[in-house]
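The structure is shown first, and the notes follow.

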Amino acid sequence: MTHVLSRGRPGRCLHDERPDHGPTDEGKHRAQLLPHPPRRLTSSPFGRLVAGLSRRLYGEVPDNAHVHFHNRKVLLATVSHERRIATWDALDPHLKIYAVMASAATIGCSWCLDFGYWTAHEDKLDLDKVREVPRWRESDAFTVLERDVMEYAEAMTATPPTVTDELSTRLRERLGTSALVELTMMVAVENERSRFNAAAGLSSQGFSDVCELPLAGRDAGVGR
């Protein structure tokens, strides 16, 4: 599932306090691609395995797990892909999360921003800066390189893409070719994630609620 089961560390800052994810949950976290109650995930041994692993890693089952569960081949392929992506290490992890979240913000995937912020918290990244990503153009928290990375992510995410030779050259000179390739693929991967989750109707699930700082709004320096 997108973003799901790609992280092998058992620690987490989220603990689910919702007693039920069934149809009485007022549709808060229901997806357009989820015609059945979320508890359907635990109706089979495979589903219980997925749910159990998710709860162990994240404290609850991410909403997109319920969506992917409707197509087992898609779910397994996505999990395998995400686990391989998690091994990439040519790009600085701060730059990686800035790029991923800038792309998600451009697409408008609140679920991806929420989960990305929690991921940054788990990786002990600088949350004072990570929280500012949705409004990075108005923020003075970032270096020139970091701003170039987020500009690149936004330009790649635009339809059609608007990446310039000048921007690519600057990044190649600062990061090196290997890291630039990884950056480019990470933005492409986040486009896949965010567009899938947005089309599925997923919204912020509350992964970031227990982190120290709220995400800054795009148009103001306040939390969502």
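In this predicted model, helix α8 spans residues 165–175, and its buried residues are Leu167, Ser168 and Leu171. These three cover an arc of only 100° around the axis, which puts them on the same side of α8.

**Helix α8 and its surroundings**
- On the other side of α8, the residues Asp165, Glu166 and Glu173 are exposed.
- Glycine 176 follows α8 and has a positive phi, near 95°.

- Aspartate 148 counts as buried at 10% relative accessibility, whereas arginine 170, with a relative accessible area of 30%, is partly exposed.

- The structure holds nine salt bridges, one of which joins the side chains of glutamate 82 and arginine 193 at 2.8 Å, N to O.
- That pair links distant parts of the chain, with glutamate 82 in helix α3 (residues 72–85) and arginine 193 in helix α9, 111 residues apart.
- Glutamate 82 is buried at a relative accessible area of 3%, and arginine 193 is also counted as buried, at 8%.
- Arginine 193 forms a salt bridge with glutamate 190 as well, with the closest N and O atoms 3.0 Å apart; both residues lie in α9, three residues apart, about one turn of the helix.
- Glutamate 190 and arginine 193 are both buried, and salt bridges that share partners join Glu82, Glu190 and Arg193 into one network.

Methods
Residues numbered from 1 in each chain as written. Predicted model: local features only at pLDDT ≥ 70, side-chain atom pairs only at ≥ 80, totals over all residues. Heavy atoms only, no water. Buried < 20%, exposed > 50% of the residue type's maximum accessible area, 1.4 Å probe, protein only. Helix = DSSP H or I, 4+ residues; strand = E, 2+ residues; numbered from the N terminus. Arc of directions from axis to C-beta. Salt bridge = Lys/Arg side-chain N within 4 Å of Asp/Glu carboxyl O.
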